[in-house]
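Subject: Structure handover

Hi,

Here is the structure I promised to pass on. Please open it next to this email, and my notes follow below.

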Amino acid sequence: MIKRLHPHATVFISALALLFAGLSLAPRRASAAVIDRIVATVNSHVILQSDWDDALCYEALLTNRNLAQFTDDDRRAVLDRLIDQELLREQMKSADFPHATDAEVATRVAEARKLYPQAASDPAWRDLLAQYHLMEKDLVAHVRQQIDVMRLVDARLRPTVEIDSKSIESYYRDQFVPKLKQAGASEVPLADVSAKIRELLTQEKVSELLVSWLQNLRSEGHVRVPGVAPSAGDAGVQSQ
């Protein structure tokens with residue numbers, strides 16, 4: 001079967017998809033340290049240690065991981081996503097796209113809850129969120145921002161993508177059919193999966209365009225990460 005790809009591995013989760021890390025605009029945890037420090041600046045916006053901690057907790061929750069399992073590279077990847085998302089958030093000011101509705105946010109939160117069957121009841125769910133230093137309103141804010149960022153990317157980049165019939169036929173012949181045979185499944189006519197293949201190829205192209213867009217935003221903007229060396233491909237990022 002066709003497996004959907006999530007836009008931009010360094011932003012949405014890895015991936016949403018990505019998923020995906022929470023935006024720095026989300027409310028800070030009540031347990032955040034009184035003394036905070038700046039971990040990055042994106043143009044005129046400051047990202048604090050507490051923002052980074054929030055994003056780590058959010059990602060840990062949605063990937064069913066313990067914070068202790070995050071390596072230094074994992075933590076830096078989350079910070080990179082915060083920077084990218086702040087760059088995209090700035091683009092929202094002049095963009096026209098459909099924002100997340102309350103119903104869409106509720107659906108996403110419900111999907112997150114399914115990862116934890118032991119927290120089926122509301123009290124158990126709140127207790128679980130507390131283990132990740134999150135409240136329900138924090139999760140809702142993160143999810144809403146995540147959806148809006150993805151909608152922005154889709155509205156900005158999808159109209160520029162064109163997938164021709166030859167590309168669809170090539171994917172069907174070279175990748176789709178061989179995978180079906182490898183799985184021992186019956187062959188499916190091209191006409192039955194053409195629309196799905198077109199969507200898959202569109203998402204792949206949007207992912208590529210997003211990488212380029214973010215590189216341009218970084219190079220044209222002013223991004224500083226004090227005390228953190230830029231990782232490979234971090235064009236336009238300065239460390240102090």
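Helix α5 (residues 136-157) packs against α7 with the axes 10 Å apart and at an angle of about 100°. Axes here are lines fitted to C-alpha atoms, for helices over the stretch in contact, and angles run from 0 to 180 degrees between N-to-C directions. The two helices are therefore roughly perpendicular to each other (65 to 115 degrees; under 35 is roughly parallel, over 145 roughly antiparallel, the rest oblique). From α5, the contact (heavy atoms within 4.5 Å) takes in Leu 152, Val 153, Arg 156 and Leu 157. From α7 come Val 206, Leu 209, Leu 210 and Trp 213. By class, that is seven nonpolar residues, no polar ones and one charged. Nonpolar covers Ala, Val, Leu, Ile, Met, Phe, Trp, Tyr, Cys and Pro; charged covers Asp, Glu, Lys and Arg; the others, Gly among them, are polar.

Before you read on, note that this is a predicted model: local features need pLDDT of at least 70, side-chain atom pairs count only at pLDDT 80 or more, and totals for chains, interfaces and linings use all residues. Residues are numbered from 1 along each chain as its sequence is written, and side-chain values use heavy atoms, with hydrogens and water left out.

Helix α7 (residues 190-220) also meets helix α6 (residues 165-182). Their axes come within 9 Å and cross at roughly 100°. So α6 and α7 are roughly perpendicular to each other too. On the α6 side, Ser 167, Ile 168, Glu 169, Tyr 171, Tyr 172 and Phe 176 take part. On the α7 side the list is Leu 190, Val 193, Ser 194, Ile 197, Arg 198, Leu 200 and Leu 201. This contact has nine nonpolar, two polar and two charged residues.

Now the overall layout. The protein chain has seven helices and four strands. Helices (H or I, at least four residues) and strands (E, at least two) are DSSP runs, numbered from the N terminus. The order from the N terminus is β-β-α-α-α-α-α-α-α-β-β. Of the 240 residues, 43% count as buried. Buried means under 20% relative accessible area, exposed over 50%, and partly exposed in between (1.4 Å probe, protein chains only).

Next, the rings. There are three aromatic pairs. Rings of Phe, Tyr and Trp (its six-membered ring) pair if their centres lie within 6.5 Å; planes under 30 degrees apart are stacked, over 60 edge-to-face, and the rest tilted. Tyr 116 and Trp 125 make a tilted pair, 6.5 Å centre to centre with 50° between the planes. Tyr 116 is buried at 2% relative accessibility, and Trp 125 is buried at 1%. Together with Tyr 132, these two form one aromatic cluster.

Two arginines lie over ring faces. Arg 65 sits over Phe 70, 4.1 Å from the ring centre. Arg 75 sits over Trp 52, at 5.1 Å. The rule asks for NZ of Lys or CZ of Arg within 6 Å of the ring centre and within 35 degrees of the ring normal.

Last, the backbone. Most residues other than glycine have a negative phi. Asn 43 has a positive value, near 55°. Asn 43 is in the loop between β1 (38-42) and β2 (45-48), and is partly exposed at 32%. His 133 also has a positive phi, near 60°. His 133 belongs to the loop between α4 (122-131) and α5, and is partly exposed at 38%.

Best wishes
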